[in-house]
Amino acid sequence: MPSIERPHPDGWFAVATSAEVRIGKVVTRRLAGQDVVLYRTSAGRLRAVRPFCPHLGAHLGHGGTVRGENLVCPFHRFEFAPNGACVRTGYDTPPPAARLGLVEHREIDGLIFVWRHAQGKGPTWEIDVPPPAAFPRARASARTVAAHPDDFMENVVDYGHFVPLHKVALEVVSPPHFLGARMMSAYRLGRADDQSRSAPLWAPAMETTAYGLGVLYGEATSPRIGLHVRNWTCVTPVSPGQAVLRSTVAVRFTWRRYRWLARALAALISVPFARATVSQSARDVAIWRHRAHVEHPRLARGDGPIMRYRRWAAQFTSVPSVPTADAQPTTRIA
């Protein structure tokens, strides 16, 4: 069956963790076939810009540096202020009326998100900032996979694959609820060999919110043992058929007594939690690598609300605009 080439979706996509873009550092990341350059000024301000200097086209992510609050081009040492304006040349002549293309970005819970739209339109929705909680530093991982963001997000509602592929029984607590760019659901996970086919009472209740096709935020709580897990799983398209799967996992116990023990135990189990997340997703990745996208699937009972999901997901695909010869540089990833 021939695979249908799917366009890169619109929306917010995670391109780095906050720790990867330290003060004074310049980082280049790939998003939907284009580079985006991230840097952090001496005052700690995060900036995201298009990669090429408007002077003579040098790539700012290859040799570019930070001087105070300015980004310095590696070619002629032109300097650009945080608002994108050129404020200095490398030879102390009056700077030209040149500006960098700024890229919309957000820094949330230790992750850096960049907005991308095929037609260059600005953000039409936001990622909710989770409420503050005393979580330790999250465990982060990232790897390149052969997949489209839609492969990952459709997995959330593909109930039928949990038992045969992951050996996990799924108990749906709240079926998917679609609201604008959000998809919200809740469930419990149990052992596939449990004859009751339902999760045990101690199993964490999972509440997830998908933001477009690139971001899945989840919280798991188990009041009986005081467990609270916060998880981000983000899939970022880098080129046709390839994406970066990035996840962070933070664990804490809500015990009021023995806080030192709670912190030690949370640090201990956060490692296997993070490893389990990677291990389970690896089973899906192996399928995605060789999978064809079936536009009209022959579904069976138990598959989950896949077609409802697809109708919701269609809003994140738009036809790229065709630039004219005299078009001005846009300020957003297209």
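This is a chat about a predicted model of one protein chain.

Reader: What should I know about the numbering and the cut-offs before I start?
Author: Residues count from 1 along each chain as its sequence is written. The model is predicted, so local features need pLDDT of at least 70, side-chain atom pairs count only at pLDDT 80 or more, totals for chains, interfaces and linings use all residues, and side-chain values use heavy atoms, with hydrogens and water left out.

Reader: What is the mean pLDDT of the chain?
Author: The mean is 88, and 90% of the residues reach 70 or more. pLDDT is the predictor's confidence in each residue, from 0 to 100.

Reader: Where does pLDDT stay under 50?
Author: Over residues 195-201, a stretch with 11 contacts beyond four places in sequence in the model. Residues 323-332 are also below 50, with 15 contacts beyond near neighbours in sequence. Contact means heavy atoms within 4.5 Å. Where pLDDT is low, the predicted coordinates should not be read in detail.

Reader: How many helices and strands?
Author: The chain has 4 helices and 17 strands. Both are DSSP runs numbered from the N terminus: helices are H or I with at least four residues, strands are E with at least two.

Reader: What share of the chain is buried?
Author: 47% of the 334 residues. Buried means under 20% relative accessible area, exposed over 50%, and partly exposed in between, with a 1.4 Å probe and protein chains only.

Reader: Which residues have the most contacts inside the largest nonpolar core?
Author: Phe113, Ile127, Met153, Met183, Trp232, Tyr309 and Trp312, in a core of 35 residues. Helix α4 gives the most to this core, with 4 residues. Another core, of 15 residues, lies apart from it and includes Tyr39 and Cys53. A nonpolar core is a set of buried Ala, Val, Leu, Ile, Met, Phe, Trp, Tyr and Cys residues joined through side-chain atoms within 4.5 Å.

Reader: Which residues of α4 are buried?
Author: Ile306, Tyr309, Arg310, Trp312 and Ala313. They cover an arc of only 160° around the axis, so they sit on the same side of α4. The arc is taken from the directions from the helix axis to the C-beta atoms.

Reader: And what does methionine 153 touch?
Author: Leaving out residues up to four places away in sequence, methionine 153 touches Met183, Ala210, Gly212, Leu213, Gly214, Val215, Leu216 and Tyr309.

Reader: Is phenylalanine 316 buried or exposed?
Author: Phenylalanine 316 counts as buried because its relative accessibility is 3%. The residue lies in the segment after α4 (306-313). Its contacts beyond four places in sequence include Pro9, Trp125 and Gly212. Phenylalanine 316 and proline 9 are 307 residues apart in sequence, yet 5.3 Å apart in space, C-alpha to C-alpha.

Reader: Switching to strands: how do β2 and β3 pair?
Author: β2 (residues 26-31) and β3 (residues 34-40) pair in the antiparallel sense over 6 bridges. Two strands pair if DSSP finds at least two bridges between them. Threonine 28 stands opposite valine 37 in β3. The hairpin has 2 residues between the strands, and alanine 32 takes a positive phi near 55° there.

Reader: What is the order of the open sheet of 4 strands?
Author: β5-β6-β7-β8, with antiparallel pairing. β5 (65-67) and β8 (86-88) stand at the edges with a single partner strand each, so one side of each has no neighbour in the sheet. β7 (residues 79-80) pairs with β8 over 2 bridges, and glutamate 79 stands opposite arginine 88 in β8.
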